[in-house]
Amino acid sequence: MTRKKIKSSSDLDKLRQKILAKRDPKIPCITVCAGTGCQAYGSENVVVALQEEVENQELGKVYIRVTGCHGFCERGPLVVIYPQGICYTEVKTEDVPDIVSQTVREGQIIDRLLYTEPNTGEKIVHESGIPFYKYQTRLLLENNLKIDPKNIEDYIALGGYSALAKALFEMTPEQVLEEVKKANLRGRGGGGFPAGRKWETTRNALGNPKYVIVNCDEGDPGAYMNRSLMEGNPHSVIEGLIIGAYAIGSPEGFIYVREEYPLAVENTSIALAQAREYGLLGKNIMGSGFDFAAKIHRSAGAFVSGESSALMTALEGKVGEPKPKYVHTAVEGLWGKPSNLNNVETWANVPLIITRGADWFTSIGTEGSKGTKIFSLVGKVKNTGLVEVPMGITLREIIYNIGGGILGNKKFKAVQTGGPSGGGIPESLIDTAIDFDELTKLGSMMGSGGMIVMDEATCMVDVAKYFVNFLVEESCGKCVPCREGLERMSEILTAICEGRGEEGDIKLLEELAEVMKDASLCGLGTTAPNPVLTTLRYFPDEYEAHIQEKRCPVHVCRALIGYYIDAGKCTGCLACLKACPEGAITGEKEEVHIINQEKCNKCGICYDSCKFDAVIIK
Amino acid sequence: MKRIKINGISVQVEDHWTLLEACKFYGIDIPTLCYYAGLSPGGLCRLCVVEIGKGERTNLVTSCNYPVEERLVVRTHSERVMRTRKMLVELLLARCPSSKTLQDFAAKMGVQGVRFRVKHETCILCGLCVRMCAEQMRARAIGFASRGKDRRVTPPFDIKSEECRTCGACLFICPVCQLRCQGPQSPNVVCGACMNIEPVCLEKHEDVRCYLDTCGLCFKGR
Amino acid sequence: MDRTKIDRIIEHYGADKSELVPILYDIQAEYRWLPEDVLKYVAKSLDLSLVDVYGVASFYEAFSLEPRGKHLIRVCLGTACHVRGGPRILETAERLLGIRSSETTADLKFTLERVNCLGCCALGPVMVVDNEYYGKLPSKRVERILHNYGFSSSTEQKHD
């Protein structure tokens, strides 16, 4: 296959026609999800098995496409067979022979591999019919199914890089900038700052060269939206980056990816190399005269390095700590030059805006928040995975319609947005619309997209302690309010969870929160009090119980609970006795067992081992 | 020249000044710990915060590195500022209770007590010694290591650095204690026990006592 | 210290100072940790002060300034995994190996670490050994997984 560099807009069109002509839509195509999540489920083995089986059964021409994340991580590995679009979930290597002989060869549907709607028992054939997908608006993620990220031609076949062609040949840099401003695209990394305005500041700042940067540091625990985009559709981000560089007047860009995402690093590297090969990156892009080069910068993950000035410092090879400066990085950033940094998802929205126009983009969403947002819906929800929804949808709709409700049909308690910088939103506010400003008003924030659902068995004081402890580890430690304040908050919350809470603790927490919000050097410190403040605001009775009554209402905080054996239910089966790591359980076979409270370390393994519900927690 | 308002008074300031420099010029005393004229500003201790802006939308910014802006409204001792400084000193005192400098700040700001578990550190991580060593002495023998609550100032690998010229500048500039007496060699000392300042102890000179203005740490030796 | 190996790595990144982190990463992949003499050599080769190199090496969790075990076990304690019982997996691993997180067994076979999010939240709780991911783990499966890497409970380490 000769690789001719694309030297004009019509070259791109011709290439697309050529690729499409080579692909016969009638020939079966099996797509297998190989995002990191499904790989952990063993999807790579499924791919190998499919390749072998197709050969063994001598089926002739069959495409097998290994794609990035499909999003429905709860049910992986996911396999979709075209041209019918039949979707199989939780596919194992043992299922492969049947899939090939029945579905691929004969077009027959294998019922047992279909998704079953849990309430009606209905079997659903097409991915789009599955409730998880039905209620989403997958503008950014839908192509993940159709693209092999290691093959640029898949992206081009779907219209990829036509936005870039339009920008370079039909628009001036100023026009591109205006379009992005008109679209009111707000940063998807958490800050929600209008991207167009940041681009403009960078463009107008004095100093050359200007830089553009993709932030794929994604430090929020529980969030993996950026990973899936960079693994599954890196070209969408690269295209957006080049368009942005054109608008801003930047000749060089960096894609900052954390080391914990090796597949994202690999696929993005391949994508960059292929883009260069096809003349879509480098000198004289598409023959337009515009030069732009981009490279990946891998970094050891540190949550704080995701902050703009910290990331740029890390790009310079120094420690990734925020800079105490009052000049915006758009004016003085990387190596003191104007630098525009945006999140992966923000960049991925740009080609859509250019292709379909700002008016289309603003037709989606609310007054203040336009377009869609990707969330990683995780925690105690039935359907975990990546969801993309229009701004303005309510939390309730996401958790119940898409998420399928609470795992084990337990009661909903709170949903955490914004990670360690956000807050848990209670049931009473679950009809809040997803909107940057609405979420901030509640004391939380949009954040990068982590959405963690918590049920009635979650202790909110423990959650606050968890987030504070996370930040204690991640704080760079430069400034006093964050470094000292977080450590002291952790001490107080730990004391409360261990039954040593005192009168005045809450007031002290609030005082610390105030100073951290006002005086911290960077966003990590100023937003660190949010989980504590929101749990205090919405779940004050839990704090009361821990402090006044030395009681954890949901039996989570270990120092405040005890494990006991219900004599009425115990059958003397020795299961818990054998499982106990501390040797704290005594008893003979067929006699009631007893837990020695002195030796018990509240690990809960006995509770898990008992098949008779005889272990109770008080 | 620019015109700004400090504590209600309209003043003229040089274009290149920071708010701290402007305040100093007009005789307004702002507490600092990690600032030293001639070295790059730290912006770390946050003690020099002042309140800028009007009405509902005010912010606290560190005056040591905030550049003056035309028509900026600044309040150096507002409720919010005082409350913040007080808590910062309380937090620092909980970290380094034997520091005379911090005790003096506490007394001035009315910090009545420390409501946190006391740690017995000697360093507030202000970074002045690091900046002094790098910018003024051009040795770069010491730096920060690790992060968060484990952050510390140290020569690499915690052993005496080859770049260290034992000039004593780091000791000189340390704000937490004035002329800290090193006494008997302590294992984690920053410059590998620079004995620039020889302690005059009872063991050495019979009835002549140590005359250095101490931070209280070497009471152990007596 | 094998200078040629290190030189090759540095050359690969064009001896560019701003690539210090990827360089250290690749070196650590070879040595399994970052020894003192290696860091000194890197500082010299890149014309960086040792203070800066040491600062970077000590800042990031991913870098180890002490020898690490043959197998690296990482337990995820991100929010989703925490809510699904991640701490219990870590406890089990700590108990079996006789070490705490960020420590290495005395026989240098295993190093145990906590990670803050691996991005496989739907599979929580997650444990990664070298590059193999194990998801939806019940705590009793931990021991069996460790056996695959040469762990045997008869060589139990002492609690300190």
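**Close-up views of a predicted model**

**View 1. Chain B holds six helices and seven strands.** The model shown here is predicted. Read chain B from its N terminus, and the elements run β-β-α-β-β-β-α-α-α-β-β-α-α. So much for the order; next comes the packing. Chain B has 222 residues, and 38% of them are buried. Now take contacts in chain B between residues at least 6 apart in sequence: 55% of these join residues at least 24 apart.

**View 2. Chain A meets chain C.** On one side are 40 residues of chain A; on the other, 33 residues of chain C. Which elements of chain A each supply at least two residues to this side? They are α2 (36-40), β9 (293-299), β11 (372-379), β15 (450-455) and α18 (460-474). The most comes from α2(A), which gives four residues. By residue class, the side of chain A that touches chain C has 18 nonpolar, 14 polar and eight charged residues.

**View 3. Chain A is divided into domains.** Follow the chain by number. Domain 1 covers 9-133, and domain 2 covers 160-362. Domain 3 spans 372-455. Then come domain 4 (460-548) and domain 5 (562-617).

**View 4. Domain 2 of chain A touches domain 3 of chain A.** How far apart do the C-alpha centres of these two domains lie? The distance is 27 Å. At the contact, 15 residues of domain 2 of chain A face 17 residues of domain 3 of chain A. The domain 2 side divides into four nonpolar, six polar and five charged residues.

Technical notes
Residues numbered from 1 in each chain as written. Chains lettered and ligands numbered in written order. Predicted model: local features only at pLDDT ≥ 70, side-chain atom pairs only at ≥ 80, totals over all residues. Contact = placed C-beta atoms within 7 Å. Nonpolar A, V, L, I, M, F, W, Y, C, P; charged D, E, K, R; others polar. Buried ≥ 20, exposed ≤ 12 C-beta atoms within 10 Å, placed from the backbone. Domains from an automatic or database assignment.
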